[in-house]
Amino acid sequence: MLRGIDLDLPTHTLIRIEGANGTGKSTLLRLLAGIDAPTEGRISGRRARTAYVPERFPAALPFTASGYLVHLGRIHGLRTPEAADRARSWLARFGAAGHARTPLPELSKGTSQKVAVAQAFLAEPELLILDEAWTGLDTAARDELDRAVAERVASGATVVFVDHDPRRLAGAADAVFRIEGNTLLAAPGAPATGTGPRIRIEAAGPPGAKLPAGLPGAPEHTPAPGGGVRLTVAAAHSDALLRTLLTAHPPWHIRHVATAPARVESPGPHRSATDPGDRPTPEAP
Amino acid sequence: MTALLRYQTALLVRSQRWLAPVLLYAAFIAIGVQWGQPVLDSLGYTAAGLLPVTAWLVQLCAGQEPPAARTVTAAAAGPARAHLAALLAGLGCAGLLGAAATSIVLLISKPASADSSVRVPLLPAGIAGLLAVACCVLLGAVIGALCTRPLLHRRGWSVAATVLLALAALVTGGSPANAAVTGLVTGSRTGTVHLPVLSLVAATALAVAAAALVGKVASRRA
């Protein structure tokens, strides 16, 4: 049972929920996804386009993988050809293109999970809820899921996830909350002290151009030797960051991409103090 | 809603779970409806048999998604809409079944009153038969929806309650299904066609109320 939970879900945000087994993480996620309604209190705001990925998806449904995805795409509001296209490309992205025509009951556990993940992403949801969605995926698909999550956040979605692996998207989460007792607490200092793998990108903009606002992953930036700027960002966000830079108007030029050395005493993230005040703040009663 | 209905109907059709209720109904019709019987009697019989079959089909639809798939659909479309689409898919299939059975009855029955003294025109008889089918389908759907998840989860209770309520809806005077069927059967004695319009209104009102209640409960605990 959970009580006195006050959670804000702003756009462009990746939120991690932690907690021991049986504390109600899944319950909270189901409430956020709108699958269940709270006994007391309410969930306010417009119902966002929502997608949910359960921990296990052993769906014994009489469809093929792509048949199921097309149905779900239509339920999410896509037209049939569009849903079929996206189903194909998301299955391919997670390495399950070969199983598009396999009936769901014959899929392995991992491939079923890929179908569940593809279902969520093909709708381009505004609110994406992942309940240990990485469970059962192979390493390549896990990394792809990390990147897909970062892309979703970069394009404005709110992503809330639970995962048993503490390193999952480490350093990429904008806020971390912990369920303790019956309530939700902000995990202390979690977003700033991210320790996951980081990528350093050196880029140069057109003369006089400033860095585009709201870059994916809110990278730290310092002047690069020889002009331009050096951006350091959590590895999960690096693809989305590169894409944003390259497609900016006018576009930025990428000079160098490398894995950042392990973090020692880096200057604090530029956003830590002056961050706009719309970050989620839990208020325990 | 169209996408949800397509999904739920495809689930029902492909799962082949519809076979049992549809075969049962076909057997019921084959036993009770013979060539050259008075048309209104046969129409009443056809409509009455559809009530428990509808309840069964609706319950099949309400429970055909495994829990994991159900949460995915509920998040995408809202749990109430997802559940109502399942109920509507069952109701729609039962309606088609009833329409098909009614056409067959109209084709093979004798267009006359029970004692063959009065001619019964087929068109009004057909309309009355379809209205009676609609009453029974709606009432069957109400019973099916109330006696399954999210209101009743235990299978034993669900089956017992469905059977009892379906029987009660057919034999209790005042129930829209009973009124519609009785109207056809008593009309057959004198060769008059009663259109069960009031019964249909009552059945529709019951169905709307049940849908509202079930939708509300479904969004509490999908």
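**Figure 1. Cis peptide bond in a loop of chain A.** Pro250(A) sits in the loop between α6 (235-246) and β10 (253-259) of chain A. Helices (H or I, at least four residues) and strands (E, at least two) are DSSP runs, numbered from the N terminus. The bond from His249(A) to Pro250(A) is cis, with omega near -5 degrees. The model is predicted: local features need pLDDT of at least 70, side-chain atom pairs count only at pLDDT 80 or more, and totals for chains, interfaces and linings use all residues. Residues are numbered from 1 along each chain as its sequence is written, while chains are lettered from A and ligands numbered from 1 in the order in which they are written.

**Figure 2. Cis peptide bond in a loop of chain B.** The loop between α6 and α7 (155-171) of chain B holds Pro150(B). Its peptide bond from Arg149(B) is cis, with omega near 5 degrees.

Figure 3. His12(A), in the segment before β1 (13-18) of chain A, has phi near 55 degrees, a positive value in a residue other than glycine. A residue is buried if 20 or more other C-beta atoms lie within 10 Å of its own, exposed if 12 or fewer, and partly exposed in between, with C-beta atoms placed from the backbone. His12(A) counts as partly exposed because it has 17 C-beta neighbours inside 10 Å. Ser116(B), in the loop between α5 and α6 of chain B, has phi near 60 degrees, also positive in a residue other than glycine. Ser116(B) has 10 other C-beta atoms within 10 Å and is therefore exposed.

**Figure 4. Helix α9 of chain B and its cover.** Helix α9 (residues 197-220) of chain B has 24 residues, which at 1.5 Å a residue should span 34 Å; its end C-alpha atoms are 35 Å apart, which agrees. The expected span is 1.5 Å times one less than the number of residues. Buried residues of α9(B) include Ala203(B), Leu206(B), Ala207(B), Ala210(B) and Val214(B). An α-helix has 3.6 residues a turn, so residues three or four places apart point the same way. Among the elements covering the buried residues of α9(B) are α5 (79-108), α6 (122-146) and α8 (176-190) of chain B.

**Figure 5. Surroundings of Cys136(B) in the largest nonpolar core.** This core has 156 residues, and Ala132(B), Cys136(B) and Leu139(B) have the most contacts inside it. A nonpolar core is a set of buried Ala, Val, Leu, Ile, Met, Phe, Trp, Tyr and Cys residues joined through C-beta atoms within 7 Å. Beyond its neighbours within four places in sequence, Cys136(B) is in contact with residues including Ala47(B), Leu51(B), Thr54(B) and Ala180(B). Two residues are in contact if their C-beta atoms, placed from the backbone, lie within 7 Å.

**Figure 6. Contact between chains A and B.** Here 26 residues of chain A are in contact with 24 residues of chain B. On the chain A side, β2 (50-53), α2 (65-75) and α4 (109-121) each supply at least two residues, and the largest share, four residues, comes from α2(A). By class, the chain A side has 17 nonpolar, five polar and four charged residues. Ala, Val, Leu, Ile, Met, Phe, Trp, Tyr, Cys and Pro count as nonpolar, Asp, Glu, Lys and Arg as charged, and the others, Gly among them, as polar.
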